[in-house]
Amino acid sequence: MQILTSYQGVRESFQKLCVGLGNFDGVHRGHQRLIRNLVDYARQRHGTAAIFTFEPHPAEVLHPETAPPLLLAPELKHRLIASLGVDLLLAVPFTREFSLLSPEAFVREVLCAAMEVAAVFVGYNYTFGHRGAGTPQTLRELGARYGFAVEVVPPVVVDGRPVSSTLIRGLIAAGRVEEAQRYLGYYPVFAGRVVSGAKRGTTLGFPTANLEVDDRILVPANGVYAVKALVEGEVFLGVANIGVCPTFAGQAPAKRRVEVFLFDFEGDLYGKQLEVSFTRRLREERRFQSPAELLEQIRRDVAEARALAE
């Protein structure tokens, strides 16, 4: 998959552009259906399957104080989109100036003049243009006027509820990772670089990898989780603690952190990138009366996580 940050001139480089529009935060089951439909459509017509999205998320530019955290880091989002067969990803910088384009101006100047699209795919609740004035029906009308096909993908319903990034975000924020998996199509995942920590895990006999936390990316609620971690292409099972280490409160700033203990791993992780998938919440984070009490609980957590994998 080729990734570009500008849509200007793509009509000269790519033929029969079939474009999916949206934020695709999380690339959840609804997004996956749209993308698969788009790819199938483009392949049948010997066209180019493309995704047009904005980075950063428009909410980060227009309403940064209330912008929700993202379900996926951009690099993971790109990889998931590529895995679905997309040929071209347009990750276009979003600006306040861009937000002022009317729905018709967006269609006329971007989709037609710059890209010469053959078809556009959107979700049933897609909005676009200044103040989100454009709807799928608006797009259908403009497509008929400007000469491109429009496909509106209906909602994907799981357990009686339409899949949405907002729904998934609420589940992950509550630590309900198993339920979130049903809507995502994969377990909630967080990627971070391993940094130096207080080495308390090593002292207790369970050395942990401490991950940098990017506040723009959502991590599950504080607690202890069974996890699968990808380290340089190899998968390891383990447990992760998300929280502020209340047992040791006062010895370090109460900064939220992700600490991962990998089963059967030997080697140095410092500076490496870990992708951690949260498969089940084992318990909430809590304060223990002593390091010995904490150690006994860690042993129980590890035993439970290992049993889940059997």
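Between which strand and which helix does the loop that holds Phe24 lie? In this predicted model, Phe24 is placed in the loop that runs between strand S2 (17-21) and H2.

## Backbone geometry in two loops

Most residues other than glycine have a negative phi, and most peptide bonds are trans. Against that background, Phe24 is a residue other than glycine with a positive phi, near 55°, and it belongs to the loop between strand S2 and H2.

A further feature of the backbone is the cis peptide bond that joins Glu55 and Pro56, for which omega is about 5°. Pro56 itself has its place in the loop between S3 and H3.

## The largest pocket

The largest pocket has a volume of about 1200 Å³. Its lining is made up of 43 residues, of which Gly22, Asn23, His57, Tyr126 and Thr127 are the closest to the centre of the pocket. Two or more residues of the lining come from each of helix H2 (29-44), strand S3 (48-54), helix H3 (58-62), helix H5 (96-99) and helix H8 (165-173).

Sorted by class, the residues that line the largest pocket comprise 21 nonpolar, 18 polar and four charged.

Rolling a probe the size of a water molecule over the atoms shows where empty space is left. In this model the count comes to three cavities of 30 Å³ or more, and the second largest cavity has a volume of about 50 Å³.

The residues that line the second largest cavity are Leu71, Ile172, Pro188, Val189, Phe190, Leu218, Val219, Pro220 and Phe278. By class this lining has nine nonpolar residues, with no polar and no charged residues. Ile172, which takes part in the lining of the second largest cavity, is also one of the H8 residues that meet H9.

## Packing of H8 against H9

Two packed helices are described by the angle between their axes and the distance between the axes. For H8 and helix H9 (residues 177-184), the axes come within 8 Å and cross at roughly 160°. Because angles over 145 degrees count as roughly antiparallel, H8 is roughly antiparallel to H9.

The crossing in which H8 passes H9 is left-handed. On the H8 side the contact involves Leu167, Ile168, Leu171 and Ile172, which meet Glu179, Ala180, Tyr183 and Leu184 in H9. The residues of this contact divide into seven nonpolar, no polar and one charged.

## Packing of H6 against H7

The axes of helix H6 (residues 103-114) and helix H7 (residues 136-146) come within 11 Å and cross at roughly 50°, and the two helices are therefore oblique to each other. The crossing of H6 and H7 is right-handed. From H6, the residues that make the contact are Pro103, Glu104, Val107, Arg108, Leu111 and Cys112, while from H7 they are Thr138, Leu139, Leu142, Arg145 and Tyr146. Divided by class, the residues of the contact of H6 with H7 are seven nonpolar, one polar and three charged.

## The loop at Asp159

Asp159 has its place in the loop between strand S7 (157-158) and strand S8 (161-162). The C-alpha atom of Asp159 is separated by 43 Å from that of Gly9, a residue 150 places away along the chain.

How values were computed: Residues numbered from 1 in each chain as written. Predicted model: local features only at pLDDT ≥ 70, side-chain atom pairs only at ≥ 80, totals over all residues. Heavy atoms only, no water. 1 Å grid on protein atoms, 1.4 Å probe; cavity = no way out; pocket = protein on both sides within 12 Å on 5 of 7 lines; lining within 4 Å. Points joined across faces, edges and corners; volume = space filled by probe spheres on them. Helix = DSSP H or I, 4+ residues; strand = E, 2+ residues; numbered from the N terminus. Nonpolar A, V, L, I, M, F, W, Y, C, P; charged D, E, K, R; others polar. Axes fitted to C-alpha atoms, helices over the stretch in contact; angles between N-to-C directions. Parallel < 35°, antiparallel > 145°, perpendicular 65-115°, else oblique. Left-handed = near helix turned anticlockwise from the far one by under 90°. Contact = heavy atoms within 4.5 Å.
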